Amino acid sequence: MIKLLIITHGTMGKALLDTALMISGADSTGVEAIAPELKTDPKEFFLGLKERLNNETDGTIILADLFGGSGSNAVAMLLGRDVNGVLITGVNLNMVLAFLHNRDKMPLRALAFKIEESGKKGIINVNHFMHIIDEVEGR
């Protein structure tokens, strides 16, 4: 089973995961959200991540809130060498829902692509969208 690890600053990741599980009704097996505290020693956090991600044969999708943040930087150092996973930054609710709906339907890399695309499609400037509708309808 492909697993999900969400790494964010503060409680955002847990809130996203809880909300996605509520909306989807999906099983919470293999999904987790963590938030390193400011006081956490970076080396200790890195070693904890390495242990958490090291034995995942089917792989892990890692969603982080911020490219260049401490969480994504720690994961990036592990990718390819010690971890069978894909790191995607800019986590949003669409991405978590895409994981939950598709994790048993496709292999790791295809799932990562689907999650990234779902995240991008969920970002909509509604004013611009409504303006286009007004133009099409001649308003």
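How many nonpolar, polar and charged residues does the lining of the largest cavity have, by class? The lining has three nonpolar, six polar and one charged residues. Here Ala, Val, Leu, Ile, Met, Phe, Trp, Tyr, Cys and Pro count as nonpolar, Asp, Glu, Lys and Arg as charged, and the others, Gly among them, as polar.

The structure is a predicted model, in which local features need pLDDT of at least 70 and side-chain atom pairs count only at pLDDT 80 or more, while totals for chains, interfaces and linings use all residues. Residues are numbered from 1 along each chain as its sequence is written, and side-chain values use heavy atoms, with hydrogens and water left out.

The chain has six helices and four strands. Both are DSSP runs numbered from the N terminus: helices are H or I with at least four residues, strands are E with at least two. Along the sequence the pattern is β-α-β-α-β-α-β-α-α-α. Taken along the principal axes, the C-alpha atoms fill a box of roughly 60 × 35 × 30 Å.

A cavity is a set of points where a 1.4 Å probe fits but cannot get out; a pocket is an open set with protein on both sides within 12 Å along at least five of seven lines. Lining residues have an atom within 4 Å of a point. Grid points are joined across faces, edges and corners, and a volume is the space filled by probe spheres set on the points.

The search of the whole structure finds one cavity of 30 Å³ or more. The largest cavity has a volume of about 40 Å³. Its lining consists of I7, T8, H9, P36, D65, L66, G69, S70, G71 and S72. Helix α3 gives the most to this lining, with three residues.

The largest pocket holds about 240 Å³ of space. It is lined by 14 residues, of which P36, E37, T40, F45 and S70 are the closest to its centre. The elements that give two or more residues to the lining are α2 and α3. Of the elements, α3 gives the most, with four residues. By class, the pocket lining has seven nonpolar, five polar and two charged residues.

Two packed helices are described by the angle between their axes and the distance between the axes. Axes are lines fitted to C-alpha atoms, for helices over the stretch in contact, and angles run from 0 to 180 degrees between N-to-C directions.

Helix α2 (residues 42-53) and helix α3 (residues 70-78) pack at an angle of about 55 degrees, and their axes are 10 Å apart. The two are therefore oblique to each other. Angles under 35 degrees count as roughly parallel, over 145 as roughly antiparallel, 65 to 115 as roughly perpendicular and the rest as oblique. F45, F46, L49 and K50 of α2 make the contact with S70, G71, A74, V75, M77 and L78 of α3. Contact means heavy atoms within 4.5 Å. These residues divide into seven nonpolar, two polar and one charged.

Helix α1 (residues 12-24) and helix α4 (residues 93-102) cross at roughly 50 degrees, with axes that come within 9 Å. That makes α1 oblique to α4. Their crossing is right-handed. In α1, L16, L17, T19, A20, L21, I23 and S24 meet L93, V96, L97, L100 and H101 of α4. The contact has nine nonpolar, three polar and no charged residues.

Helix α5 (residues 108-121) packs against α4 at about 145 degrees, the axes lying 8 Å apart. The crossing of α4 and α5 is right-handed. N94, M95, A98, F99 and N102 in α4 meet L111, K114, I115, S118, G119 and K121 in α5. This contact divides into five nonpolar, four polar and two charged residues.

Key: Left-handed = near helix turned anticlockwise from the far one by under 90°.
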